[in-house]
Amino acid sequence: MHSALQPAAQPCFILAPGLTSNRNGLTRASCAHELRRAPCVWLARRRFPRQTAGPQHDASCLVPSFHRQELHRQRVVALSRRRTKRTAPLDIVAERSDSGNAQAVSGTQFQQEATPTGAPGKVYDRVVCKFGGSSVADAERMREVARLVRRQIELSRQYPVVVLSAMGSTTNDLIAAGDAALYEGIVDSTVVRNRAYAVCDALGLDREALVDPLLMQLDQLLMGVKFIRELSPRTRDYLVSFGERLSVRIFAAHLLYNEGLPARAFDAFDVGFRTDSNFQNAEILEETYDLIRSFFERVVSNQTLAVITGFIAKDNEGHVTTLGRGGSDLTATTLGAALGATEVQVWKDVDGIMTTDPRLVPNAIPVAEMSFEEAAELAYFGAKVLHPVAMQPALRFNIPVRVKNSYNPEAPGTVILRRESATMDRPVTALSVKRGVQLVDIVSTRMVGAYGFLARVFACFATHQLSVDVIATSEVSLSLTLDANACDMTRQQRIIKELQQIAQVSFSSGRAIISIISNVRRSSEILARAMKVLHEQNIEVQMISQGASKFNISLVVHNDEAITAVRALHDEFFHCSPSASNGTSTSATAAAAAAAAANADGVRVAGAA
Ligand code: ADP
Ligand code: ASP
Ligand code: MG
């Protein structure tokens, strides 16, 4: 087992001719002073590509004798350095001994001068690699992810920026531990602790140094929850932050000690992630982009392999916030956008974005290429594969996003690009389903043509902070959908009362939105085929909306029928016949069925007057 050492936090001191300052800004003179106080010292040795520093490269002779003596007293072993270009940071491979046994470690601990910078948004041409919870669920998965990181280094000849989620189900386990403390007065972090310990042990890492400090804080927090009997959204965010903070420390240590890569763990809030104070679903503030760039310029040299927590950030008061479940995807695209990365890779446990949720439709197939807008619609309308907001930074700064399978790295995955770059000749790209939504029917009691009706309705929903997903309107009526659980009975009654002067309002629960992510320019064909299939399945479509996005046709059906509907639609658009996949057939029967269904009683058709 390695001795206690945290890659990011270890105080270490170095001196060598030509090395004017280390990353803490120490001069050689002050280094000498600091050396006496240092608990341990790392000494750099010359590093050659793919070669461990050997005695022949030991450059301790470069160290002036005074310092060498000091170093030996401090149980320091050897020093060398690689000087690249004058302005480039030093790449350090060091040996360290604080127990008499020298151990090889590596890491960039020093920087000769500031890392070269580029124009904003183009600081480094790096790849951002994000690994989700299932990719780092245990020690074996971490080893595999380390192999993938190595492969990326070989491919791009640069260190990627790595973003990690919490290991496996750690986030859920933390939530469960918080609820147990709150509701049952039980303080028990065993599940989280055992997983972290098991991974450390299997990887030969020092668990006391690496994870115990965090686990101790976690126990203190749970104890506080137990006694105060309070678990606010703010405290919940702090609670779940332990998941990502544990995983980056373990993985960076694995890269550093076992793989000899210069990895350092960082918490995203230290890197610059700032959000508003909307705990549990916080929004990233604009200043984040500059803060990230500046942090990389100051702290993360090109010779550093940064391993950064996904999902978490801080608000301007310094409280930990989270970006919503699955938020590590958003961390990765934000980093990619801020740094002008070549691409953002999002590694999951599926072969890319599939034509629909593979848990619902096992014969779903990967989509090779899609646009940012399509991916965003898919995520927003229920596909759990990507965080709903993750595409925004990528779209804004045009950073391609590649979704890959860490369990099957050879699979090509899905590449998400600007719309003009994506192949758009197919009618349907993918299907998603969002279950448990509420359907609200609002019928105006005013005369036809009275103005201000829609404005009053939306003002009412805005006051109640209810977000509307899908809308269909006619001259006198409006149908819309709300998220599951968004509107409880009390709130429903208040809305009905508030709008009673202008409309009759009725709420229906247990509905599902099926989104056909498609080329809306071919909407007649798509609707015709969709309606035919649903008609054959006796599925009643309660609302149709072809929104302004041009990428999405949404159908509202009963929850109970949603899976049958998705399977039937999937067969139609992806497996049925050769013509289905190139989308050239639109039969008269299908068109007739579509018309019949659209005109059927109770169907709301967007835009119908
Ligand atoms: P991670 O946490 O590793 O980032 P997630 O578990 O959040 O990944 O997302 C991957 C999961 O999303 C898959 O295992 C799959 O079950 C689910 N999923 C839902 N819809 C889709 C889809 N259209 N394509 C791919 N996966 C999907
Ligand atoms: N760990 C967080 C979650 O489970 C964030 C993420 O995995 O992206 O939601
Ligand atoms: Mg996830």
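A nonpolar core here is a set of buried Ala, Val, Leu, Ile, Met, Phe, Trp, Tyr and Cys residues joined through side-chain atoms within 4.5 Å, where buried means under 20% relative accessible area, exposed over 50%, and partly exposed in between (1.4 Å probe, protein chains only). Keep in mind that this is a predicted model, where local features need pLDDT of at least 70 and side-chain atom pairs count only at pLDDT 80 or more, while totals for chains, interfaces and linings use all residues. Residues are numbered from 1 along each chain as its sequence is written, chains are lettered from A and ligands numbered from 1 in the order in which they are written, and side-chain values use heavy atoms, with hydrogens and water left out.

So much for the ground rules; on to the core. The largest nonpolar core has 104 residues, and F296 and L335 have the most contacts inside it. Helix α8 (residues 233–258) supplies the largest share, 12 residues; helices (H or I, at least four residues) and strands (E, at least two) are DSSP runs, numbered from the N terminus. Leaving out residues up to four places away in sequence, L335 touches V128, V161, V163, V271, F273, I292, F296 and I308, with contact meaning heavy atoms within 4.5 Å. There's also a second, separate core of 28 residues, with I526, L527, A562 and F574 among them. In soluble globular proteins, nonpolar side chains tend to be buried together.

Zoom out for a moment. The protein has 19 helices and 21 strands, and 56% of its 609 residues count as buried. Of the contacts with a separation of 6 or more, 75% are between residues 24 or more positions apart.

Now for ligand 1. Of the 16 residues around it (a heavy atom within 4 Å), K130, K348, D349, M354 and R359 come nearest. Polar side-chain atoms of K130 and K348 each lie 2.7 Å from an oxygen atom of ligand 1, and for R359 the distance is 3.0 Å. The protein covers 84% of the 570 Å² of accessible area that ligand 1 has on its own (Shrake-Rupley method, 1.4 Å probe).

F311, not a glycine, has a positive phi near 75° and sits in the loop between β8 (305–309) and β9 (312–315). F311 counts as buried because its relative accessibility is 4%. N398, also not a glycine, has a positive phi of about 55°; its loop runs between α13 (391–397) and β13 (401–405). With a relative accessible area of 35%, N398 is partly exposed.

How values were computed. Polar contact = N/O pair within 3.5 Å; in protein donor to acceptor, adjacent residues only side chain to side chain.
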